[in-house]
Amino acid sequence: MASQGLAYDGCNFFRQRLVLSTLSGKRVKISNIRSKDDNPGLRDFEASFIRLLDKVTNGSKIEINQTGTVLFYMPGLLHGGSVEHDCNMQRSVGYYLEALLMLAPFMKTSLKATLRGVTNDHTDPTIDMLKSTALPLMKKFGIDGEGFDLKVVKRGMAPGGGGEVFFSCPVRRTIRPVQLTDPGKIKRIRGVAYSVRVSPQMANRIVDSTRSVLNQFIPDIYIYTDHMKGANSGKSPGFGLTLVAETLNGSFLSAEMSSTPQGQGDPMLPEDLGRNCAKLLLEEVHRGGCVDSSNQSLTLLLMTLGQQDVSKVLLGPLSPYTIEFLRHIKDFFQIMFKIEVQKPSEDKRKGGDKVLMTCVGVGYSNINKTLK
């Protein structure tokens, strides 16, 4: 690779940099990783993430200095195939899976990944949320097929974990451009209230309190209760809720909450959790757009990698994470988005300010996929 590498400072946006580096084939050097910290260098969950990248690529070169404060990464080819990985307990499986969603369509062979660890916690997107929002989104970009699946085999709550998730994704040669400019009205709300190692009644209490808020807005609500028992329920007790609002035009907006991990902070009542999560969903609907805030970066990446044609997506206000992601896309792919802010009309029901993102894809072609 003759391409000039990119240099970054600090530990923020660590995954973004490595994922984009892998896709663009550009080397990356990240220095000063928590160099002023009492405990400097890479955290265990970041080291675990690097190991996962190493498993799905072929010929990646990774160098880390002794203190772990400098990382040099030269990406290899995305290989795919069957992969098993024990994720670090400091972050949930969602942290690792978000990156795999971005990489999976461009592998050489279809990815079949089994990830173990914490499936639901309150920092990263849970598996339920990725399944109900990220997968339908990817289908719009033409990533679909019989092998496209994400399932929770075992649930594991923080801090003990013990969950297991299976993700499989077919490979694609190219990504099709999309025009998602009108989300349409909300037609129904679906959800999963899960409970492990606590009374199954907890999930029912969550459902009742959630309905007390959402029934004022829409009649079509179905919240499924999922109570896993025995070996499938992981090692720690907990409960939580994932809600997804679906619009007439097939957009999905989601919100979620999970109980406070055992031994950390004040316990949370299922009633409060249900009500608060319902309010979060209403807030997400107010922000609106065709994609919810947790999937903004995935959308922008797929738009960037699309064929050389115009893609347009209407988003709600951009999250700080997304804004940084746009800067990284510019670094790695030299793609700039046209951003138009759309003020809502006088009609308050249209929600907050929206942003129309437009770009022309780079015409990324999966060089790893062999031509049949």
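These legends describe close-up views of one predicted model. Local features need pLDDT of at least 70, side-chain atom pairs count only at pLDDT 80 or more, and totals for chains, interfaces and linings use all residues. Residues are numbered from 1 along each chain as its sequence is written, and side-chain values use heavy atoms, with hydrogens and water left out.

**View 1. The annotated domain, residues 8-339.** UniProt, in an unreviewed entry, places "domain: RNA 3'-terminal phosphate cyclase" here. UniProt positions follow the numbering used here, feature names are shortened, and annotations may be inferred rather than shown by experiment. Over this span the chain is 31% helix and 28% strand. Its end C-alpha atoms are 25 Å apart. Helices (H or I, at least four residues) and strands (E, at least two) are DSSP runs, numbered from the N terminus.

**View 2. Helix α5 against helix α6.** α5 spans residues 201-214 and α6 spans residues 270-287. They pack at about 40 degrees, with axes 7 Å apart. Axes are lines fitted to C-alpha atoms, for helices over the stretch in contact; angles run from 0 to 180 degrees between N-to-C directions. α5 is therefore oblique to α6. Angles under 35 degrees count as roughly parallel, over 145 as roughly antiparallel, 65 to 115 as roughly perpendicular and the rest as oblique. Contacting residues (heavy atoms within 4.5 Å) include Met-202, Ile-206 and Val-213 in α5 and Leu-273, Ala-278 and Leu-281 in α6. By class, the contact has nine nonpolar, four polar and three charged residues. Ala, Val, Leu, Ile, Met, Phe, Trp, Tyr, Cys and Pro count as nonpolar, Asp, Glu, Lys and Arg as charged, and the others, Gly among them, as polar.

**View 3. Helix α2 against helix α3.** α2 (residues 44-56) packs on α3 at about 30 degrees, with axes 11 Å apart. The two are therefore roughly parallel to each other. Phe-45, Phe-49 and Leu-52 of α2 are among the contact residues, as are Tyr-95, Tyr-96 and Leu-100 of α3. The contact has 10 nonpolar, one polar and one charged residues.

**View 4. The salt bridge of Asp-124 with Arg-91.** The closest N and O atoms are 2.8 Å apart. A salt bridge is a side-chain nitrogen of Lys or Arg within 4 Å of a carboxyl oxygen of Asp or Glu. Asp-124 lies in the β8-α4 loop and Arg-91 in the β7-α3 loop, so the pair ties together parts 33 residues apart in sequence. The count comes to 19 salt bridges.

**View 5. The cis peptide bond of Ala-158 and Pro-159.** Omega is about -5 degrees. Pro-159 sits in the loop between β9 (149-154) and β10 (163-169).
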